[in-house]
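Hi there,

Here is the structure I promised to pass on to you. Please open it alongside this message, and my notes follow below.

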Amino acid sequence: MTSKRVLSGIQPTSNSFHLGNYLGALKQWVELQEGHDAFYCIVDLHALTGEIEPKLLRERTLASAAQLIAIGISPEKSTLFVQSHVPQHNQLGWVMECIAGFGEASRMVQFKDKSSKAGADSARVGLFTYPMLQAADILLYQAHFVPVGEDQRQHIELTRDLATRFNTKFGETFRVPEGRILKAGAKIYDLQDPTSKMSKSSESNTGVLEIMDAPEVNIKKIKSAATDAGREVIFDEKEKPGISNLLTIHSSLSGRSITEIENEFAGKGYGDFKAEVAEVVVEYLRPIRDHALELLKDEAHLLTLLHRGGEKAQKTAASTLDMTYKNLGLVQ
Ligand code: AMP
Ligand code: TRP
């Protein structure tokens with residue numbers, strides 16, 4: 001296989017992905033399937049670092065798989081699998097923990113944010129070791145590229161550092177991967193608070209557009225999006241964060257340039273603009289939601305697809321782990 005390998009992962013922590021996940025990360029996954037050897041992983045073990053609710057975790061893992069297939073990840077073209085189906089992730093994760101320094105792990109912004117929210121006493125060890133498991137996810141597959149959102153840059157840097165350090169000390173074992181961070185449209189903001197990013201952990205979900213929401217729900221959310229002073233539809237992130245965010249969303253989904261959309265709405269008001277954004281979003285998401293709902297009706301079939309992906313993933317993962325153990329002097 002001469003095509004470059006791509007790997008990415010997403011946590012099954014909600015019943016629906018939101019538009020930020022889609023435009024910031026998942027859309028790239030679909031594009032990268034073409035011409036690459038893509039591995040996409042639903043990182044259920046990482047999801048254990050948050051509140052553990054077994055029934056929800058199961059539902060969300062299946063819902064995530066269904067949505068990934070519905071947005072266009074093809075189980076034939078790509079290797080789509082569930083992290084816990086491939087035990088090598090935990091095995092290499094431990095090795096990474098023994099390579100990483102306490103200091104560098106303590107500097108991870110995601111850990112600092114999440115542990116300070118949880119409070120020092122309730123933050124769990126898994127939250128701290130999370131980036132080393134993520135490094136294992138990536139390095140097991142000898143990935144060339146890791147498509148992720150901007151917030152994952154630091155974890156990719158750590159992965160690169162760990163790979164380089166291991167290779168220098170124990171011999172060439174891992175490919176040092178590169179992050180692929182989407183620039184335009186990479187960050188989508190909350191519709192109600194357009195200075196914070198759209199996030200599943202927002203206090204209220206009225207500013208979050210979810211793939212699995214019924215069309216009426218998303219129309220309502222867009223029509224009641226916070227707008228800015230003035231009445232012109234122009235892109236100005238500083239003065240008009242709300243309108244700029246809606247322009248980014250429109251442009252990313254319709255494929256039209258922001259200037260073209262600004263021109264279309266010259267002399268018209270925010271109301272007309274929002275109605276069109278709602279139409280663009282809802283019509284884009286409708287077939288995706290319908291397909292995902294269809295897949296969720298046949299759980300056995302969905303699981304078969306995931307198990308097949310897991311078996312394929314395991315072949316590559318086992319070969320990297322063998323070489324790692326051998327280079328470490330673990331008797332085989
Ligand atoms: P999360 O569900 O927050 O763990 O994010 C999953 C993926 O979606 C990550 O690669 C994030 O970088 C990306 N992502 C999440 N929220 C946004 C957002 N508002 N804008 C752009 N990308 C996002
Ligand atoms: N930490 C990533 C996130 O929160 C999810 C993730 C886990 C991941 N393992 C990965 C992303 C490997 C890319 C590659 O979005």
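Around ligand 2 there are 13 residues, and the closest are Gly9, Tyr130, Gln134, Asp137 and Gln152. Please keep in mind that this is a predicted model.

Three of those side chains come with distances to a nitrogen atom of ligand 2. For Asp137, a polar side-chain atom lies 2.6 Å from a nitrogen atom of the ligand. For Tyr130, an N or O atom of the side chain is 2.7 Å from a nitrogen atom of ligand 2. For Gln152, the corresponding distance from a side-chain N or O atom to a nitrogen atom of ligand 2 is 3.0 Å.

Now to the domains. The protein chain splits into domain 1, made of 5-186 + 299-328, and domain 2, which covers 205-292. Their C-alpha centres are 31 Å apart.

How many residues does each domain bring to the contact between them? Domain 1 has 14 residues in contact with 14 residues of domain 2. About 1200 Å² is buried between the two domains, and carbon and sulfur atoms give 74% of that area. The count of salt bridges between domain 1 and domain 2 is zero, while five residue pairs are in polar contact across the interface.

H3 provides the largest share, with five residues. Sorted by class, the side of domain 1 that touches domain 2 has eight nonpolar, five polar and one charged residues.

Best wishes

How values were computed. Residues are numbered from 1 along each chain as its sequence is written. Chains are lettered from A and ligands numbered from 1 in the order in which they are written. This is a predicted model: local features need pLDDT of at least 70, side-chain atom pairs count only at pLDDT 80 or more; totals for chains, interfaces and linings use all residues. Side-chain values use heavy atoms; hydrogens and water are left out. Domain bounds come from an automatic or database domain assignment. Contact means heavy atoms within 4.5 Å. Buried area is the accessible area (1.4 Å probe) that two parts lose on being put together, summed over both. A salt bridge is a side-chain nitrogen of Lys or Arg within 4 Å of a carboxyl oxygen of Asp or Glu. A polar contact is a pair of N or O atoms within 3.5 Å; within protein, one must be able to donate a hydrogen and the other to accept it, and residues adjacent in sequence count only if both atoms are side-chain atoms. Helices (H or I, at least four residues) and strands (E, at least two) are DSSP runs, numbered from the N terminus. Ala, Val, Leu, Ile, Met, Phe, Trp, Tyr, Cys and Pro count as nonpolar, Asp, Glu, Lys and Arg as charged, and the others, Gly among them, as polar. A residue is near a molecule or strand if one of its heavy atoms lies within 4 Å of it.
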